[in-house]
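Hi,

I am passing this structure on to you, and my notes follow below it. Please have a look at it first.

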Amino acid sequence: MSEPFVAQKSPYPVAVEAGKAYYWCACGRSANQPFCDGSHKGTEFTPTKYEPTESKTVYLCGCKHTANAPLCDGTHKNL
């Protein structure tokens, strides 16, 4: 499996709404970070669907290497 592009070495703070579906860019190619814009087409990557259970600010991974996709787990500190 190929490695995703690192969009940025920090998380994206995003205000999310409970029950709404969000599609996190897993490939790092999207021009609409941290969300998917279809730039993964032709690659092995697919976006990750995220449906929060409560409305709040979350931190979506910007480096695309998190083990807790789509949420940041601090992996960017080791890149």
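Is Cys61 buried or exposed? Cys61 is buried, because its relative accessible area is 2% (buried means under 20% relative accessible area, exposed over 50% and partly exposed in between, with a 1.4 Å probe and protein chains only).

Before I go on, a word on the source: this is a predicted model, where local features need pLDDT of at least 70, side-chain atom pairs count only at pLDDT 80 or more, and totals for chains, interfaces and linings use all residues. Residues are numbered from 1 along each chain as its sequence is written, and side-chain values use heavy atoms, with hydrogens and water left out.

Back to Cys61, which sits in the segment after strand S4 (56–60); strands (E, at least two residues) are DSSP runs numbered from the N terminus. Not counting residues up to four places away in sequence, Cys61 touches Tyr12, Trp24, Thr66, Pro70, Leu71 and Cys72, where contact means heavy atoms within 4.5 Å. From Cys61 to Thr75 there are 14 residues in sequence and 8.8 Å in space, C-alpha to C-alpha.

His76 also belongs to the segment after S4. His76 is buried, with a relative accessible area of 14%. Leaving out residues up to four places away in sequence, His76 is in contact with Lys9, Ser10, Pro11 and Cys63.

Happy to hear what you make of it!

Best wishes

Key: Helices (H or I, at least four residues) and strands (E, at least two) are DSSP runs, numbered from the N terminus.
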